[in-house]
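Hi,

Here's the structure I said I'd pass along.

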Amino acid sequence: MAEEAMFDFIHMEAVSYVFQGGEKISEDEAISKLEHMGFATGYRLVERLTRESGRYKDELDIMKYICKDLWVTVYKKQIDNLRTNHQGVYVLHDNRFRFLSHMAAGKQYLQYAPRYLAFTCGLVRGCLANLGVTCVVTAEVTQLPACKFQIQVQRG
Amino acid sequence: MSRQSMRANDPKKVSGELFTLTYGSLVAQLLKDYENVDDVNRQLERMGYNIGMRLIEDFLARANPGRCYDLRDTADKIQQAFKLYLGVSPSIGSWSPGGDEFSVVLETNPMAEFVELPDHCLGLRYSNIMAGVIRGACEMVQLEVMAWFIADQLKGDNVTEIRVKFVKRLEDAIPAGED
């Protein structure tokens, strides 16, 4: 579907918008704006996606939902690998992340990669928040277009 | 368990919603960043212009629409692009007597699907990005146009209407050997 292209373009514009301030705005501030946009999107999106599904039985079940259904909906593929230490840390590997897949293969543009991951970190955090899991999501990339997202669940 | 089935619900609808919600978050962020809505409108138009410049490539590659010989041709292609990218079929109408101006009329606006404008945003042209997309896309095929909203369902109008006006052909930019 071509609507995917629209999503990609909007995302690209969102990234270039938050960084257009140049000197005036710090990298962190820009990233946090993107993260916030992702959060708002994820929070609303998951509500619509899970309308008809049953209750998830535990945290791991929710993570599986994120890796399978949510990822397929948003990024048209499943997460390649999910790991957990069973103490609230989950690591999601995506070997070919959609927002990075057109950029490069290897280390070129590596320094810009975090900009294209911030929205997704927020998206995942937003989805989890609406499913009742409070967490911190960070992303790491060493070689484009592969990346990994780390989800650290906050126990209250 | 219905867990597997819900993904298949309607994938097309879902990806449309994803786009709509993402756009909504972006507009909300802009409203937070800028003090007045005119700046937001301008920024949205600019983003649209940037998108249009890239989108036209995607459109030409995907739909292979061929060259336009007059503005009516262009209008048809714009209609086709709306169908392809937003899943809606706008009607084209209200041609000016000179044939250099027309309206793109949307019965429903997929970008504004979950939107209500609060009172202090009445000046906001929520979907202004679309006007920018049209301008940017046309510019890349050597057509300078102006595009602006004259009716918006979010403001209580019956339909959403974008007016497109042909300004001039950008002759210089045509690569040598064409035509």
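Start with B:R54 and A:E13: their side chains form a salt bridge across the two chains, at 3.2 Å from N to O. Bear in mind that this is a predicted model, so the distance is a computed one, like everything else below. In general, oppositely charged side chains can pair up when their charged atoms come close. Between chain A and chain B the count comes to 3 salt bridges, and there are 10 residue pairs in polar contact, both partners at pLDDT 80 or more.

α1(A) has the largest share, with 10 residues. Sorted by class, that side of chain A has 19 nonpolar, 7 polar and 10 charged residues.

As for the interface as a whole, 36 residues of chain A are in contact with 38 residues of chain B.

The largest pocket holds about 1,000 Å³ of space. It is lined by 41 residues, and the closest to its centre are B:I56, B:C68, B:A137, B:C138 and B:V141. Which elements supply at least two residues each to that lining? From chain A it's α1 (3–19), and from chain B it's α3 (37–63), α4 (71–86), α5 (128–140) and β4 (160–169). The lining divides into 30 nonpolar, 4 polar and 7 charged residues.

The second largest pocket has a volume of about 410 Å³. Its lining is made of 21 residues, with A:R44, B:G24, B:S25, B:A28 and B:Y126 nearest the centre. Both chains take part here too: α2 (27–49) of chain A and α2 (11–33) of chain B each supply at least two lining residues. The largest share, 9 residues, comes from α2(B). By class, the lining of this second largest pocket splits into 13 nonpolar, 5 polar and 3 charged residues.

Back to charges for a moment. Over all chains, a search of the whole structure finds 18 salt bridges.

Last, two bits of backbone geometry to look at before you set anything up. As background, most peptide bonds are trans, and most residues other than glycine have a negative phi. A:L144 and A:P145 are joined by a cis peptide bond, with omega at about -5 degrees. You'll find A:P145 in the loop between β3 (135–143) and β4 (146–153) of chain A. Then there's A:Y109, which isn't a glycine but has a positive phi of about 65 degrees. A:Y109 is also in a loop, the one between α4 (98–101) and α5 (118–130) of chain A.

That's the lot from me.

Cheers

Notes: Residues are numbered from 1 along each chain as its sequence is written. Chains are lettered from A and ligands numbered from 1 in the order in which they are written. This is a predicted model: local features need pLDDT of at least 70, side-chain atom pairs count only at pLDDT 80 or more; totals for chains, interfaces and linings use all residues. Side-chain values use heavy atoms; hydrogens and water are left out. On a 1 Å grid over the protein atoms alone, a cavity is a set of points where a 1.4 Å probe fits but cannot get out, and a pocket is an open set with protein on both sides within 12 Å along at least five of seven lines; lining residues have an atom within 4 Å of a point. Grid points are joined across faces, edges and corners, and a volume is the space filled by probe spheres set on the points. Helices (H or I, at least four residues) and strands (E, at least two) are DSSP runs, numbered from the N terminus. Ala, Val, Leu, Ile, Met, Phe, Trp, Tyr, Cys and Pro count as nonpolar, Asp, Glu, Lys and Arg as charged, and the others, Gly among them, as polar. Contact means heavy atoms within 4.5 Å. A salt bridge is a side-chain nitrogen of Lys or Arg within 4 Å of a carboxyl oxygen of Asp or Glu. A polar contact is a pair of N or O atoms within 3.5 Å; within protein, one must be able to donate a hydrogen and the other to accept it, and residues adjacent in sequence count only if both atoms are side-chain atoms.
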